[in-house]
Amino acid sequence: MNAPVRTLQPKDYASDQEVRWCAGCGDYAILKAVERVLAEIGADPAQTVFVSGIGCAARFPYYVNTYGFHGIHGRAPAIATGVKLANPELDVWVIGGDGDMLSIGSNHLAHILRRNVDLTLLLFNNEVYGLTKGQLSPTAPSGSRTPSSPLGSVESPLSACRFALAAGARFVARAIDTQKELASILRAAHDHPGTGFVEILQNCIVYNDGAFADIADRKLAAERQIHPVHGEPLLFGAARDKGLRLAADGSGLEVVEIGADGEGLDQVLRHDRTSFNLAMMLAALEPPMPVAIGVIYDHPTPPSYERALRAQEERERERIGEADLGAMLRKGPVWMVTA
Amino acid sequence: MAVVDKALEETGEEERLRQPLETAVVRFAGDSGDGVQLTGSLFTLSTALAHYDLATFPDFPAEIRAPAGTTYGVSAFQIHFGGREIRTIGDRPDVLVALNPAALKVNLADLRPGAVVILDVGSFTERNLRKAGFTEDPREDGTLDAYRVVALDISGLTKRAVAHTGLTSREQLRCKNFFALGLIFWMFDRDLDPVIEWTREKFAKKPQICEANIAALRAGHALGETAELPQLPAFHVPPAQIAPGLYRAVTGSEALAFGLLDGARKAGLQMTFCSYPITPASPLLHVLAKLRAYGVTTFQAEDEIAAICAAIGASYAGALGVTSSSGPGISLKTEAIGLAVMTELPLVIVNTQRAGPSTGMPTKTEQSDLLQALYSRNGDAPVVVLAAASPADCFEMAREAVRIAVQHMTPVILLSDGFLANAAEPWRIPDLDASPDFPVRFRTEPEGFAPYARDDRLVRPWVKPGTPGLQHRIGGLEKQHETGAVSYDPDNHQRMTELRWNKVLKVAEDIPEQELEQGDPDDCICVVGWGSTYGPISRAVTTRRRRGEKIAHLHLRHLWPLPRNLGRLLSGFDRILVPEMNKGQLVHLLRSQYLVPAIGLSKVSGRPFTVTELETALDRLWEECP
């Protein structure tokens, strides 16, 4: 490892490129949070690689002073998998939007998650195609009117976190671009050994401004969000007077009001970040239920894909002894022809 | 010259003469569940061990187990062997083994007149005849009059020979390929021991099946020895004069895998081989997946696009990224090939071509992706294009693809095809250290570093992420000259487009000048080939030259850039004939590059050219020669 000689500050991770997102774009806040995490973990810029696809979010690698690969639409997870196969030591971050990762590239997203490649994957979900000027995204709510759906969308949207869980992700978190906890959520994703998946609800100020206002607005946040903490009861509300319990018919989660004397608290579920079923139920919560923000699922199952492959290769080399190609060619049915 | 069969001489029985043959073409055919491919491989093993030169071609249906008895379920395996250099799989079989009526139906038209047809008449039931599409029994309606028919109840004879093993009737019947093999072994005077040894090893855990197969093999052989069927000939094929050395049999897929491994070794790189299953390219993945101790990580991706993108990511991270597919898969990879062109990373893309368009005929061969390899990308996106000429040549060309990719920082498309991938031939195992290494030197020096600065070959530096002080960003957006920053500057785009184009053209300075395989630069006709047409062209030209006809053979392995002396060389011929298994793709390239009056000869039947087809075309052309 080539550790930097002095401690780097968040601003040291900015590249010399002029950032070209729209003024007020949620991406700026995410960039700042990532720089903060890089400083916190003491990331060596030379050992760090940002890989992206195509879209507004995918411009991200140009703005960090690390190695970067701006790929093609949807394929960032595949490129990043190749990077990790070639060099598992690199600290890889994959960045993409909802169109990039859940539409054209959803296949690659599913497979990088099930393989569990050790990297951090950030999906900036703004529920709209920004770079191509406002078309319907796979995460946009039914009825969305856009230049490509002027009569209103008749499609059902895809839930990023449920998609990730279904694909076999071992770490799933949801965050909001401007929330102060963003850096700590990103940090947890990075610390997870395997693919750390974070959906970031990101405001597109030009084509979909306020898409998450009813969740993210600071005045509403306490009632509209629930922040699961491992081992703690699933409580929300400004007075933390509401909790989530399993519905009596087992069909899902429901809200239980906590009395002043704590009545009902015993029915509230405690968050278990290793419980897949609970994670699925939390990920599925939509208004009017509180939306789960934070680490929903964190269940490491090492080794990661690339480490497991390396270990197999190591065992093969031990089994064979000296892996000499010339000698290998001379094994099996061979015959000598003499002059 | 007739040769007396030694075995018969020793037993003191009536002497039977073995008919001399310089070379022989044998085709085994049966249902896809009859073990035809195994029979073919075992006969190939025996043929190699008997010191013959040989070429083989498996021809099987895309369906894994098509309904028994149907013509589309017929699987075949052809071998051409003999006492001279074997360059083709043979135009027309001398011997056909047909294990059911459908196998006879499908293969009859290919036989030469007088060929020996061995039929398992035990399978010639009315039902099977009808399924094969015969309205009359072909044994009785004159269909087979032109051939030497050996009608044997192979099914029944096999059952009798293996009855003692306790196998079920159905299992007994599955030994009939070994019975047929035993008979053919007698016909060509082969030693049974190597195949018995192989069978013992292969079926070590199934002693009953092992014993039954060996019993069937011996019974088939014994039948030949004792039956005295007048129509059953015995042949003597003299062994070939083969260059001394240690040999093994390789298919094109195996040789290609070995070449990639050796190329990576010579470059000093770990290989990351990323692929998605597709016929007929998958065997390359299978071979490499077994050789992971030898410097390759194999990755079966979720789709064709992921496979190439992972290979590009691996090259970016400092490994040798390789991806492999067949035509339809290459179509899917097209956008990513453009990314590799733009990012100027080394990448080897193997296309094992098959009959197209679209899904086409997956198990049938064609060479119709040349123009796709050259031109199919959006924008001006030049890549290097190579093609292997024979199964063994796949080794050399794979190594060459790696060398050019890493030394010139460019994607290289290596064209193989379904024929080359599956065909086998003897291969003199090379001394891997006899050809020079080409070690990659990654850029590590921060002083004066620019990601798109170029050397005198216009090649940019290769930097491994992890190298301190050289952090930079690359991608598919147009790059500013030298700095690699995103640029929309019009003059810069003109300049970068030309730089990318000329970088690939400059590879011509780093490849050998084109030579003629046969003939002289002032001959009348030049037959220009590429890829797997090598064998039949070579044989046809040899035959014509023996008659004194001034016909040369030129075979291209470097399709882009073309060898620097090619235009000059071609201008010396009066007539240029370009046989291709497509509608005329190389001929199009040669005419547009050199304004030469080349004419094409097209074959797109899913099967290789026969020597006869080429000679017929040369007949016409030779008449025009002064």
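Biologist: What makes S15(A) and strand S10 (residues 245-251) of chain B a pair?

Modeller: Two strands pair if DSSP finds at least two bridges between them, and here 4 bridges join S15(A) to S10(B), running antiparallel. So they meet the definition. In one of these bridges, Trp335(A) has Tyr247(B) as its partner in S10(B). Strands are DSSP runs (E, at least two residues), as helices are (H or I, at least four), numbered from the N terminus.

This is a predicted model, where local features need pLDDT of at least 70 and side-chain atom pairs count only at pLDDT 80 or more, while totals for chains, interfaces and linings use all residues. Residues are numbered from 1 along each chain as its sequence is written, with chains lettered from A and ligands numbered from 1 in the order in which they are written.

Biologist: How do you know which residues of chain A are in contact with chain B?

Modeller: Two residues are in contact if their C-beta atoms, placed from the backbone, lie within 7 Å. By that rule, 50 residues of chain A are in contact with 56 residues of chain B. On the chain A side, H2(A) gives the largest share, 8 residues.

Biologist: Why is helix H2 (residues 76-86) of chain A called mostly covered?

Modeller: A residue is buried if 20 or more other C-beta atoms lie within 10 Å of its own, exposed if 12 or fewer, and partly exposed in between. In H2(A), 11 of its 11 residues are buried, including Ile79(A) and Lys84(A).
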